[in-house]
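Let's look at how the labels used for a structure follow from its values. Bring your questions along.

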Amino acid sequence: MKPDIPPSPWDPPPSPSASTGSTWQEATGPAWQQGPGPGWQQQGWPVPPHGPMPPPYGHFPPPGPVRAEAGARYDQQGRNGQGGRFGWLGELSLVLLLIVVGIVVVSGIGAVLAEVLDAGPASADSEVFFEDPVADMALQLVGIAIGIPIVLWGARYLGKRPAGTVSSVVGRLRWKWLGLCSAVAFPLIIVQFGIMIAWTWGEESAEPAGDGWPGWTSFLVSLAVLGALVPFQAAAEEYVFRGWLVQVIGRAVRSPWPAVVLASLLFALAHGFGELSGFVLLLYSALWWGWLVIRTGGLEAVITLHAANNLLAFGLAAGFGELASTETAADAPWQAMVVEFVFAPLYCLVVAWMAKRRGG
């Protein structure tokens, strides 16, 4: 009688019908929860006695960014279950710190370049870095534009979600939709500025205070620099205030309105303290724009309006030799506030109607 000999590890595996235990064939769930490949399932290898295999074949999700659940609003894109209950505070604090550091670094680079190129202002008490107002404006625009990569980095590596979700709920910037919004934003801004200029024409406060027409060469160079940088500066303000900040606060609150109101208030304050009419104008516009972002599920509509407004405003300033002016939208007169009361909701409601027609 032949003694019982234990099977050799080199013997072929038993067939599934001969196995008394569970096999890899019986495993269910996503591919990352199952065995190392279809070969194991086809051969019917028994489940190891110690339980499921460790990562990457155990019961663990694959590494990488995690999206919010399907159908989540724009402000809920950060609610992906990552980072714990108070993880949003860490993301908020670190990204804001990096934005401040980034602005300081860009300013430092500007100061060094001005010194090396001997392009600094004649007066030591001047608040600008470059004597040339176009170069100084370019530095300011770059200092704001760096907010885009910083908040995208924060969303990806601190919020652990796809960076594209800051652009829109589909995870990217919707370029066709951005183009459609531009077709509405630019004509509307031109009409708004035209009404504003006609209303204040002849008033002392509305008279140009710059150096006057700088000549075609200087004007065209100014337009080229502004055209290249202003869209990034305008987009950066939207990515920071209407985008990332709303989503970070949205990780802790259910309604979008606390995030929209707080981000709008910070947006108005970020433009400095000027006239009360200017502050009201900024806050009022920001609230409408915040509503539009939630309604359309992305930043495209507000980026185009903001860029159109700034391009026209800076272009006029370049034509009148006022690029060196320190005035901002916070210094806007009461007439501009009244005009904005009409045009901000007009643009937002038209774009929201367009989004509804497109099924958005």
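Predicted model: local features only at pLDDT ≥ 70, side-chain atom pairs only at ≥ 80, totals over all residues.

Residues are numbered from 1 along each chain as its sequence is written, and side-chain values use heavy atoms, with hydrogens and water left out.

Q: Why is Glu-127 called exposed?
A: Buried means under 20% relative accessible area, exposed over 50%, and partly exposed in between (1.4 Å probe, protein chains only). Glu-127 has a relative accessible area of 74%, so it is exposed. This residue sits in the loop between helix H2 (87-116) and helix H3 (133-145); helices here are DSSP runs of H or I with at least four residues, numbered from the N terminus.

Q: What makes Trp-216 and Phe-219 an edge-to-face aromatic pair?
A: Rings of Phe, Tyr and Trp (its six-membered ring) pair if their centres lie within 6.5 Å; planes under 30 degrees apart count as stacked, over 60 as edge-to-face and the rest as tilted. By this rule the count comes to nine aromatic pairs. For Trp-216 and Phe-219 the values are 6.0 Å centre to centre and 75° between the planes, which makes the pair edge-to-face.

Q: Where do Trp-216 and Phe-219 stand, buried or exposed?
A: Trp-216 counts as exposed because its relative accessibility is 58%, while Phe-219, at 14%, counts as buried. Trp-216 and Phe-219 are three residues apart in helix H6, so about one helical turn separates them.

Q: What makes Trp-288 and Trp-291 edge-to-face?
A: Their rings are 5.8 Å centre to centre, with 85° between the planes. Both residues lie in helix H8, three residues apart, about one turn of the helix.

Q: Why are Trp-288 and Trp-291 called partly exposed?
A: Trp-288 has a relative accessible area of 23%, so it is partly exposed, and Trp-291 is partly exposed because its value is 26%.

Q: How do you know what span to expect for helix H8?
A: The expected span is 1.5 Å times one less than the number of residues. Helix H8 (residues 276-296) has 21 residues and reaches 30 Å from its first C-alpha to its last, close to the 30 Å expected.

Q: What makes Arg-242 lie over the face of Phe-267?
A: A charge sits over a ring if NZ of Lys or CZ of Arg is within 6 Å of the ring centre and within 35 degrees of the ring normal. Arg-242 lies over the face of Phe-267, at 4.2 Å from the ring centre.

Notes. Helix = DSSP H or I, 4+ residues; strand = E, 2+ residues; numbered from the N terminus.
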